[in-house]
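Please take a moment to look over the two chains before reading on, and keep the picture in view while the text leads you through it.

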Amino acid sequence: MEHVGLAAAASEVSLWSLFMQAGLVVKLVMIGLIGASVWTWAIVIDKYISFGKAKRQFDQFEQVFWSGQSLEELYRTLSERTNTGLAAIFVAAMREWKKSFERGARSPIGLQMRIDRAMDVTMSREAETYEARLGSLATIGSAGPFIGLFGTVIGIMTSFQAIAGSKSTNLAVVAPGIAEALLATAIGLVAAIPAVIAYNKFTADAGKLSGRMEGFADEFSAILSRQIDEKLQPRQAAQ
Amino acid sequence: MKVSLGTSLVLHSLVLGLALVSLSAPASFDVADVEALPVDIVPVESITQTQQGDKKAPPSQKPSPKETKNQKIVDNAQNAGENNVDLKTPPTPTTKPQPTETTAAPKPVERPTPTPTPEQNQVKDIVKEETAPKPTEMAALPQPKPEITPPKPEPTPPKPEPTPPKPEAAKPTPAPLQSENTSETGELPQSVPAPASRPQPPKPEPPKEQAKPVEKPAEKPAETKPVTAKAAETAKTDNKATASVKPSDKKEGKQQETAKSSSSMASDFNADQIAALLNKQEASGGGAKRSTQVASRGDTKTIGTGLSSSEIDNVKGQIQGNWALVGGLTGVSEVRVKIRVQLDQSGNIVGEPEVTATGGPEGTRRAVEGSTRRALMKSAPLKNLPAAKYEGEKGWNVLVLNFDPSEFAL
């Protein structure tokens, strides 16, 4: 008699039936966590693609930049399209340079500062796009287990209440409720673990990218300042 | 972002779908079908307070020893049992009758003359009829015969000559049996040719006869049979089995029986007489108290069951109710009274009750003793004593009560 009951109970411990047996709160928690997991992986995929693309663009641009091609020409070709990363920084700096230089800059120091500002702004804007949504990964990674635990606690509470109502502590009665409650924690962990790993990886990647951008900006500003000196001195000498 | 969100959704639905299919229901643990072990908590009374009964019987309300078949009443028997004399020793187990081997009668002087076997058909018929009812161990033996018989054609010549169809021909059967037995034991009465365990001598014979004829008639002509008989005699020492089976080649069981009886008559040794002379009285023990009831659970002897404290209180109360203590005694509070009274089954006092008071001043003690004795006599017969607890060392056949001053009177 008893193992008939157990067998019947065991057949109801499938994943779907566990989910369906759960209470409303636990169900909501589980759905939310599954959504979080979906979002996490969407971010992961997106970041993976965009970081890969950014890296490739960086490499490409650096190749072009250091190929000895005229910067004017490069600026002309790049300024016609929307740019990201190093190209954006280069374009911003060149635009500033052009504006100031064509109108006739009076002080090389002011020009240098403006160019640096322009590059900084662009750089921080780019870095922002790289780091966008990494915050939500961090949130999911840290809060996911807690949310799952909350669902578990609620589930266990309700299953204990149910046990008290059924007046039986038979394991076959107790087990499904607890298993169903634990499912919430499991889903929380499933969502949180990739989120934490991805967050760590992508923040490191973003840091690397922005480091590269900074390095480029410094180098470029050095180049520009040399240019400024070269171009302004003849003027000053002329004056 | 939309693309990646879409791929993420697709991946999740894939993974969840797979999980739903593959992780649907974990295999449930095998629960061994172990029956619950009943545990009895055994009170110490089951050792200290026992009633005579059967150790294996189910417990019942009323104690009773094992049912006895012998219903001849023995006066004043205390120990239940079948014995005619009431003994305290446990009954000696009746030993199984040992299968003793009795030796067969010595060989008949006359030589077995095999009857001519012209009527083979008859033989067969008889054989079939008899074999059906008693396929005994002997039946297995006949097989070796055919082998042996052919090699011994030498003795045959003498036998064919005497072949006249006589009832004596039957005799060969007893002879082989004897040969078996004689080899094992000395010579003993002829009357019991059969194995010792069987009381009726005539019965064992038919199977042997049957066994032999069955094979022989089918395989060999009648002439060979006499040969076998002789061969058996000669080969007795060699092969017991073959010998025993062979001789019984004769056809009709009746003839053989008659032949046997005649042979037994011939010997003057009578086993029955000797058996009658032996003392068959078995050493015995056990009580003689009879019981007609089915045994209840109990031990081999009655240690008795003591009165419970509430039952003792009940008795004390009966006595206290009749207790009239004279007032004005000094030192009553130091007196202790002990009553030892013999009772019969109905609670009446048998003999003089022993009432002893201790402690306190002499006069007070005597007064208390007297009043106690009066109270006791007045309250006889004592009521509400459980009959089941009367007997035994702890039973109330002898009732001992102790009173302290607070219990002297109600």
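Over residues 143-186 of chain B, how many contacts beyond four places in sequence does the model have? There are 93 of them, in a stretch where pLDDT stays under 50; pLDDT is the predictor's confidence in each residue, from 0 to 100, and contact means heavy atoms within 4.5 Å. Residues 122-141 of chain B also stay under 50 in pLDDT, and for these the model has 29 contacts beyond four places in sequence. For chain B the mean pLDDT is 66, and 50% of its residues reach 70 or more.

This is a predicted model, in which local features need pLDDT of at least 70 and side-chain atom pairs count only at pLDDT 80 or more, while totals for chains, interfaces and linings use all residues. Residues are numbered from 1 along each chain as its sequence is written, chains are lettered from A and ligands numbered from 1 in the order in which they are written, and side-chain values use heavy atoms, with hydrogens and water left out.

Chain A has eight helices and zero strands, where helices (H or I, at least four residues) and strands (E, at least two) are DSSP runs numbered from the N terminus. Of its 239 residues, 41% count as buried, a word that stands for under 20% relative accessible area, with exposed meaning over 50% and partly exposed lying in between (1.4 Å probe, protein chains only). Among contacts in chain A between residues at least 6 apart in sequence, 82% join residues at least 24 apart.

An unreviewed UniProt entry lists residues 24-45, 134-157 and 177-199 of chain A as "transmembrane region"; its positions are given in the numbering used here, feature names are shortened, and annotations may be inferred rather than shown by experiment. In the model, residues 24-45 of chain A are 100% helix and 0% strand, with end C-alpha atoms 31 Å apart, and residues 134-157 of chain A are likewise 100% helix and 0% strand, with end C-alpha atoms 34 Å apart.

Turning to chain B, consider helix 11, residues 309-321. At 1.5 Å a residue its 13 residues should span 18 Å, and because its end C-alpha atoms are 18 Å apart, the two values agree; the expected span is 1.5 Å times one less than the number of residues. Among the buried residues of helix 11 of chain B are Val315(B) and Ile319(B), and the buried residues of this helix pack against strand 1 (336-343), helix 12 (362-379) and strand 3 (398-403) of chain B.

Some details of the backbone also deserve attention. Most residues other than glycine have a negative phi, and most peptide bonds are trans. Ala380(B) and Pro381(B), however, are joined by a cis peptide bond, with omega about -5°, and Pro381(B) is placed in the loop between helix 12 and strand 3 of chain B. Asn384(B) is found in the loop between helix 12 and strand 3 of chain B; its phi is near 60°, a positive value, and Asn384(B) is exposed, with a relative accessible area of 62%.

Finally, where the chains meet, 18 residues of chain B are in contact with 17 residues of chain A. The area buried between chain B and chain A is about 1400 Å², of which carbon and sulfur atoms give 79%; buried area is the accessible area (1.4 Å probe) that two parts lose on being put together, summed over both.
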